[in-house]
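Here are my notes on the model you passed along. Have it open next to you as you read.

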Amino acid sequence: KLLMDQDLSSIIKEVSLNSKADITIRELLYHTSGLVAHKEYFKELTNNKKTLRRDKLRELIITEPLVGKPGENQIYSDLGFIILAWVVEIISGKRIDRFVDEQVYKVLGIDDFFFIDNFSLHSNPSASSADLYERIVPTEKCPWREKLLRAEVHDDNAWVVGGIEGHAGLFGDAFSVWQISMEIMNAIKGKETKALNSKLMQKFMVKKKESEFKAGFDTPSKYGSSSGKYFSDKSIGHLGFTGTSFWIDPENSIIIILLTNRVHPDRKNEKIKFFRPQIHNLIMEQIL
């Protein structure tokens with residue numbers, strides 16, 4: 001129901017008369033949309049009723065000036081993935097958390113990968129809020145929320161709209177991340193899959209020249225990559241701000257998942273940048 005080179009104006013009527021009308025799905029996925037990387041919208045959104053904040057966030061993104069011409073430079077953008085979630089919701093008619101739960105997680109038999117709806121406690125009916133609080137480790141002592149965050153999305157823009165967005169909000173364990181990573185790796189390799197279309201995934205994995213990203217994923221940098229020095233150039237991965245990451249190497253059939261808590265008790269500690277490549281190298285040396 002969606003084409004990679006389809007422009008936003010054909011899906012989201014609100015952008016039809018502004019500078020974002022011709023941005024394509026491909027450009028959003030590859031972070032070449034011209035959108036700014038991040039904005040602290042949460043400070044303004046707290047003045048709105050909770051039920052209106054998500055729509056207001058989208059209004060702010062629509063009116064946000066572009067910082068580049070679409071299709072030219074690569075800027076990793078949270079805003080682009082907030083828009084992609086909006087696109088999915090329009091096309092599917094379902095909120096992003098419910099869509100991925102039905103179309104991906106349940107199909108793969110994943111029970112422990114979910115968004116937490118901060119406005120109605122949570123969107124995982126199998127667990128009580130007390131159970132979630134006990135099972136989820138705290139992250140940062142947030143200077144803005146003035147408390148230690150636990151069972152709340154760490155990203156402020158995602159939190160202020162309820163915890164469910166396209167750029168942040170997922171909770172889960174290493175086994176759940178592995179289940180999804182296996183499905184992605186099988187799709188890339190053309191093997192049998194349950195939730196993903198292998199032919200489409202293989203098309204998404206085409207890397208543009210001088211590009212750091214494939215569709216939705218990071219790739220190993222030539223120098224100083226967080227993946228270390230052993231992952232093949234066909235590898236894909238992603239980093240999370242709180243200290244999480246996964247890397248998938250389809251050439252060697254290797255997946256490494258790292259779920260750390262580098263922001264506890266605060267984000268000043270950036271030693272993860274040195275630790276990630278070292279632990280990846282040690283693991284890869286043992287496996288290879």
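What follows is a set of numbered points, going from the cores to the charges and then to some backbone details.

1. Ground rules. This is a predicted model, so to speak of local features we need pLDDT of at least 70, side-chain atom pairs count only at pLDDT 80 or more, and totals for chains, interfaces and linings use all residues. Residues are numbered from 1 along each chain as its sequence is written, and side-chain values use heavy atoms, with hydrogens and water left out.

2. The largest core. Start with the largest nonpolar core, which has 29 residues. By a core I mean buried Ala, Val, Leu, Ile, Met, Phe, Trp, Tyr and Cys residues joined through side-chain atoms within 4.5 Å. Buried means under 20% relative accessible area, exposed means over 50%, and partly exposed is in between (1.4 Å probe, protein chains only). Leu 8, Ile 12, Leu 29 and Ile 83 touch the most other members. Two or more residues come from each of helix 1 (25-29), helix 2 (42-45), helix 3 (50-63) and helix 4 (78-92). Helix 4 gives the largest share, seven residues. Helices here are DSSP runs (H or I, at least four residues), as are strands (E, at least two), numbered from the N terminus. In soluble globular proteins, nonpolar side chains tend to be buried together.

3. Which residues does Ile 12 contact, leaving aside neighbours within four places in sequence? They are Ile 83, Trp 86, Val 87 and Ile 90, where contact means heavy atoms within 4.5 Å. There is also a second, separate core of 23 residues, including Val 177, Met 201, Phe 217 and Ile 255.

4. Salt bridges. The whole structure has 20 of them, each being a side-chain nitrogen of Lys or Arg within 4 Å of a carboxyl oxygen of Asp or Glu. Side chains of opposite charge can pair when their charged atoms come close. Have a look at Lys 106 and Asp 101, whose closest N and O atoms are 2.4 Å apart. Lys 106 is exposed at 56% relative accessibility, while Asp 101 is partly exposed at 24%.

5. Two more pairs. Glu 59 bridges to Lys 56, with the closest N and O atoms 3.8 Å apart. Both sit in helix 3, three residues apart, about one turn of the helix. Glu 59 is partly exposed at 46%, and Lys 56 is partly exposed at 24%. Glu 14 and Lys 13 also form a salt bridge, at 3.6 Å between the closest N and O atoms. Here Lys 13 is exposed at 64%, whereas Glu 14 is partly exposed at 41%.

6. Lys 214, in strand 5 (residues 213-214), deserves a look.

7. Backbone details. A cis peptide bond joins His 264 and Pro 265, with omega about 5°. Pro 265 lies in the loop between strand 9 (254-259) and helix 10. His 31 has a positive phi of about 60° although it is not a glycine. His 31 belongs to the loop between helix 1 and helix 2 and is buried, at 2% relative accessible area. Glu 146 also has a positive phi, near 55°, and is a residue other than glycine. Its place is the loop between strand 2 (141-142) and strand 3 (147-148). Buried or exposed? Glu 146 is exposed, with a relative accessible area of 69%.

8. One last distance. Ser 10 is in the segment before helix 1 and is partly exposed at 47%. The C-alpha atoms of Ser 10 and Thr 24 are separated by 9.8 Å, with the two residues 14 apart along the chain.
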